[in-house]
Amino acid sequence: MESQRVVVVVEDVAAARAALQWAVRNFIRSGDCITLLHVCPPARSRRKRRSLRLGGFQLALAFKDLCNGIAEAKVEIVVREGELGDTVVATVNQLGATTLVVGLHDKSFLYRSASQYERVRKLGCRVLGIRQHAAARDGSFNAELTQIETISLHVPPPKIPFPMFTLPLGVLWRRSKARRRK
């Protein structure tokens, strides 16, 4: 069996933690490489940028503890700075990931693009969106999986049914005079 490279988006929301828990229990096998990716918003001051990166790294370390149940799995932590959607797409493509695991919530980066699947089409891997159910009983874990297809459809450019060519009025006027002489 071939090992896969799984990138998990780390955010400070319950949906992201639920997505990682679901992936660890149902999807990730031993020998897979897991990359925990946290994206910090851009900051102008050096001190603010450093504190955001440190907070992101600490959050990713907390997520790494959830991966301890997988034997022989390699876990990496990547913290980047930039706009969340574009940075995730660029990092996933740069790492050559086979799967992206995202926790779906109301402010998820997948919902913030101009067209809903614009960013997903740029990815070269499978995208698993996990939404946590609000009604979890007895501390049990309920989640819903959504696999987002990344196959790009080739749509030819639209054809113009009746091409219209504009002609100067002088050309039309001359033609009408030529007909009278005959």
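Predicted model: local features only at pLDDT ≥ 70, side-chain atom pairs only at ≥ 80, totals over all residues.
Hi everyone, and thanks for coming. Let's start with Asp32. You will find Asp32 in the loop that runs between helix H1, residues 14–26, and strand S2, residues 33–40. Is Asp32 buried or exposed? Its relative accessible area is 1%, and our cut-off for buried is under 20%, so Asp32 counts as buried.

What does its side chain reach? The side chain of Asp32 comes to 2.9 Å from the backbone nitrogen of Arg29. If we set aside the neighbours within four places in sequence, Asp32 also touches Ser3, Gln4, Phe27, Ala73 and Lys74.

Now let's step back along the chain to H1. H1 has 13 residues, and at 1.5 Å a residue the helix should span 18 Å. We count one less than the number of residues for that sum. As for which residues of H1 are buried, they are Ala15, Ala16, Ala18, Ala19, Leu20, Trp22, Ala23 and Val24.

Last stop: the largest pocket, with a volume of about 210 Å³. Its lining is made of 13 residues, and the closest to the centre are Glu11, His38, Val39, Pro41 and Leu84. Which element gives the most to that lining? That is strand S2, with three residues. By type, the lining holds six nonpolar, three polar and four charged residues.

That's my tour, and I'm happy to take questions!

Conventions:
Residues numbered from 1 in each chain as written. Heavy atoms only, no water. Helix = DSSP H or I, 4+ residues; strand = E, 2+ residues; numbered from the N terminus. Buried < 20%, exposed > 50% of the residue type's maximum accessible area, 1.4 Å probe, protein only. Polar contact = N/O pair within 3.5 Å; in protein donor to acceptor, adjacent residues only side chain to side chain. Contact = heavy atoms within 4.5 Å. 1 Å grid on protein atoms, 1.4 Å probe; cavity = no way out; pocket = protein on both sides within 12 Å on 5 of 7 lines; lining within 4 Å. Points joined across faces, edges and corners; volume = space filled by probe spheres on them. Nonpolar A, V, L, I, M, F, W, Y, C, P; charged D, E, K, R; others polar.
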